[in-house]
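Please open the structure in a viewer and keep the selection panel at hand.

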Amino acid sequence: MPDITLISGSTLGGAEYVAEHLEEKLNLAGFSTEVLHGAEFDELSDEGIWLIVTSTHGAGELPDNIQPLFEQIKEQEPDLSQISYGAVGLGSKEYDTFCGGIKAFDSLLQERGAKRIGSLLEIDVTEHEIPEDPAEKWLDLWLDDLNESAFLKK
């Protein structure tokens with residue numbers, strides 16, 4: 001089982017690029033990782049560390065490749081109390097539904113008992129031509145929070 005499972009939801013590929021960049025940084029930091037571009041709930045362990053990276057499209061909706069996972073968690077109501085997670089969203093502040101996808105996912109995971117590590121990162125793609133840059137800065141802080149959490153068993 002990997003130390004951290006990265007789950008991306010992307011329409012045009014931006015969130016996939018961010019997830020893959022964060023995976024590289026996590027590997028350099030000594031973590032084993034797995035990246036799933038869209039995932040089904042039965043592919044995931046119900047314990048461990050998840051890092052959700054998703055864009056938002058339409059009226060604050062999740063991309064098609066991560067929507068099934070969201071719906072499965074919502075409908076199956078699993079106990080996710082053994083999951084700790086990080087959350088990174090991409091969106092445009094030009095819309096009033098800015099980062100609505102990650103906000104919805106964050107709320108759902110907390111409703112199911114998962115514990116978020118650190119702050120939720122909302123990247124405005126109109127301000128950051130390369131969204132990997134703010135994500136990398138956030139990752140340094142997130143790793144500090146992760147290392148301080150009692151959840152990490154290294």
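The model is predicted, so to read it: local features need pLDDT of at least 70, side-chain atom pairs count only at pLDDT 80 or more, and totals for chains, interfaces and linings use all residues. Residues are numbered from 1 along each chain as its sequence is written, and side-chain values use heavy atoms, with hydrogens and water left out.

Select residues 4-143, which UniProt lists, in an unreviewed entry, as "domain: Flavodoxin-like"; such annotations may be inferred rather than shown by experiment. Over this range the chain is 35% helix and 24% strand, and the end C-alpha atoms lie 11 Å apart. Helices (H or I, at least four residues) and strands (E, at least two) are DSSP runs, numbered from the N terminus.

Next, select H1 and helix H4 (residues 132-148), which pack at an angle of about 40° with axes 10 Å apart. Axes are lines fitted to C-alpha atoms, for helices over the stretch in contact, and angles run from 0 to 180 degrees between N-to-C directions.

H1 is therefore oblique to H4 (under 35 degrees counts as roughly parallel, over 145 as roughly antiparallel, 65 to 115 as roughly perpendicular, the rest as oblique).

Then select helix H2 (residues 67-76) and helix H3 (residues 100-111): their axes are 10 Å apart, at an angle of about 30°. H2 is therefore roughly parallel to H3.

Finally, display the lining of the largest pocket, where seven residues are nonpolar, 11 polar and none charged (Ala, Val, Leu, Ile, Met, Phe, Trp, Tyr, Cys and Pro count as nonpolar, Asp, Glu, Lys and Arg as charged, and the others, Gly among them, as polar).
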